[in-house]
Amino acid sequence: MEKFGIHMLFLFFLLILTKQLSSNAFINSMADEELLNEDQNHDQEIITSYDSEAMLEMEEDEWKMVGKKGNQFVVNDQPFYINGFNTYWLMVFAADDSTKGKVTEVFKQASSFGMTVCRTWAFNDGQWRALQKSPSVYDEDIFKALDFVVSEARKYKIRLILSLANNWEAYGGKAQYVKWGKEAGLNLTSDDDFFSHSTLRSYYKAHVKTVLNRVNTFTNITYKEDPTIFAWELMNEPRCNSDPTGDTLQDWIQEMAFHVKKIDPKHLVEIGLEGFYGPSTPHRLQFNPNTYAQQVGTDFIRNHQVLGVDFASVHMYADSWVSPQIADTHIPFVISWMEAHIEDAEKYLGMPVVFTEFGVSSKDPGYNSSYRDTLISTVYSSILNSTKKGGSGAGCLLWQVFPEDTDNMDDGYAIVLSKSPSTSSIVSLHSYRLNLFNTLCSSKCNWSCKKKKMLEKILYHDEL
């Protein structure tokens, strides 16, 4: 997301300050709090009475790699639906002893509410506290910080989507690669040369190789062998505005997905797209939030048909794409946006789709926490509607979950679960419901066991 460009500066001041100071389907924003509590208590009773052996299975299972079977994620031949979050700055926080504890804190907090996947950056190119100081030149201390992030995630059973580069200038991005190219004497005219110039492609591929082959100094596990890593993301929100046909970006995706899979065939790979429809599917352009979206060089269905891409990624920001003012059009947009992409993932792609970023900013005109809860509940309800049918809606990741006392990093979207009881209740309940799907049966069971009855109770209650 392009909302964190100034946060590196914020982080600097936060470090100084720190050193000195040493969970329901769709919930209407006007719903009565007592009714919400009754629903949650009812579901909690069902969860508590649920066969405890199934809950223990997940705890006792060996920590294994997440795979894919058709349009589902699987672990140990059981479905793996995800309720997750973004916290992009974990690596730079882990690089300083005064803020390192915040990494542990956010994983501990998220885990306590049943969240199982975190998306974060495995890049910081040429900036303050850079991981990659120049092409293929790394700061070992920052790499050890990333090692710490991965090792802490494992402790709290949080799996990671690690993004490998940024479309935006924050944390370096494609602009930094172009800058390095110019310093090397290349004739470059646009940041989009990142996608087309062979030398810049080689810089990126070298970075990928370095990260995937990294041996974690805390666990002694090579990244490409570590089940803690859920997936590799090629780039955060790639766009190539200079080529609206989409051919340039398509070629880059093909080369880089193959490159990642050649080094690491075990892990899942996703692109990092926002989900905009492009020229290959004119009948789907109606679902884009605006006409500009079809001109940024991305093409949702075509891009995700590339060999080596395992699941689809979609972002959702009605407040950025539709209107900054909270409006009645926002929730209908979210519903149609999700339904369209889930349908495409089932009909055309045959893969899971994860809504890897969604949220609403507290800085938006007309914002209130009740609306945020409504938005989150809407997204969760859409995921559950797909899950109940065995569809491609595989999960979603909030943008973004923060630990306490990190206000200076807040872009307006931050959620501190410990300080947001209504939101945390919605998150927790959604986690429990997805966990029922994740722990009920293996695919071999064909839903014929007694556990199916417990699921039917949950679904019947939701329908009521």
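This is a predicted model: local features need pLDDT of at least 70, side-chain atom pairs count only at pLDDT 80 or more; totals for chains, interfaces and linings use all residues.
Colleague: What percentage of the residues in the protein is buried?

Modeller: The secondary structure comes to 16 helices and 13 strands. The protein has 464 residues, and the buried part of them is 59%.

Colleague: Which residues does Trp252 touch, not counting residues up to four places away in sequence?

Modeller: With residues up to four places away in sequence not counted, its contacts are Phe194, Phe195, Arg201, Tyr204, Leu234 and Met235.

Colleague: How are Phe73 and Phe230 arranged as an aromatic pair: stacked, tilted or edge-to-face?

Modeller: A pair of aromatic rings is described by the distance of the centres and the angle of the planes. For Phe73 and Phe230, the centres are 5.0 Å apart and the angle between the planes is 75°. Planes over 60 degrees apart count as edge-to-face, so the arrangement of Phe73 and Phe230 is edge-to-face.

Colleague: How many residues apart in sequence are the parts that the pair of Phe73 and Phe230 ties together?

Modeller: Both residues are buried. Phe73 belongs to strand β2 (residues 72-75), whereas Phe230 belongs to strand β9 (residues 229-233). The pair therefore ties together parts whose separation in sequence is 157 residues.

Colleague: What is the arrangement of the rings of Tyr88 and Trp121?

Modeller: Tyr88 and Trp121 are both buried. Tyr88 lies in the loop between β4 (82-86) and α4 (90-94), and Trp121 lies in strand β5 (residues 117-121), so the pair ties together parts 33 residues apart in sequence. The ring centres are 5.9 Å apart and the planes are at 35°, so the pair is tilted.

Colleague: Over the ring of which residue does the charged end of Arg159 sit at 3.9 Å from the centre?

Modeller: Arg159 lies over the face of Phe80, at 5.6 Å from the ring centre. The ring with its centre 3.9 Å from the charged end of Arg159 belongs to Trp63.

Notes. Residues are numbered from 1 along each chain as its sequence is written. Side-chain values use heavy atoms; hydrogens and water are left out. Contact means heavy atoms within 4.5 Å. Rings of Phe, Tyr and Trp (its six-membered ring) pair if their centres lie within 6.5 Å; planes under 30 degrees apart count as stacked, over 60 as edge-to-face and the rest as tilted. Helices (H or I, at least four residues) and strands (E, at least two) are DSSP runs, numbered from the N terminus. Buried means under 20% relative accessible area, exposed over 50%, partly exposed in between (1.4 Å probe, protein chains only). A charge sits over a ring if NZ of Lys or CZ of Arg is within 6 Å of the ring centre and within 35 degrees of the ring normal.
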